[in-house]
Amino acid sequence: KRISSGINAEYGGATCAQCDGVEDGDPCNTEVAAGKTFKCFSHTYDSEATAWKASEEAGTCHALTDTAVICNMPGASAATDYTSPNDGCGPCADGAVDAATCAQCDSDSCNSAAALSFFIVPLLAALFNLM
């Protein structure tokens, strides 16, 4: 199961939480139920095309009901061995957006191949103009 930010981030990046005994009369180690599902694409680097490629099919991501839908993808400065967190589900790692190694978006299936090109081309143009 791909688990998005609402479950992972809430527990400091882990998929489970530390707890002590019983909370509100219930055992604290009960399963956290995902409240919604959405789709995100994973990405791999194609060395022949020298470009990032989105997976053909989006994977299903899970999040808590009150958690925003977020997908991630390689940013303009991502190294060829970069790995997207949670196969594209959820936010980028801390500092990765500022470093341009990861980009994120906030709608279902927003990190498709088309989204990747729309993000990277203008960013590369802006960087080129700064040189």
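Predicted model: local features only at pLDDT ≥ 70, side-chain atom pairs only at ≥ 80, totals over all residues.
Close-up 1. Residues are numbered from 1 along each chain as its sequence is written, and side-chain values use heavy atoms, without hydrogens and water. A disulfide joins Cys 61 to Cys 89, S to S 1.8 Å (cysteine sulfur atoms within 2.5 Å). Its torsion about the S-S bond is about -70 degrees, so the link is left-handed. Cys 61 lies in strand β7 (residues 59-63) and Cys 89 in the loop between β8 and β9, so the pair ties together parts 28 residues apart in sequence. Strands are DSSP runs of E, at least two residues; helices are H or I, at least four; both are numbered from the N terminus.

**Close-up 2. The Cys 40–Cys 71 disulfide.** The sulfur atoms of Cys 40 and Cys 71 are 1.9 Å apart. The torsion about this S-S bond is -75 degrees, left-handed. Cys 40 and Cys 71 are both buried.

**Close-up 3. Around Asn 111.** Asn 111 sits in the loop between β9 (102-105) and α2 (113-130). Asn 111 counts as buried because its relative accessibility is 0%. Beyond four places away in sequence, its contacts include Cys 40, Cys 71 and Cys 105 (heavy atoms within 4.5 Å).

Definitions and conventions:
Buried < 20%, exposed > 50% of the residue type's maximum accessible area, 1.4 Å probe, protein only.
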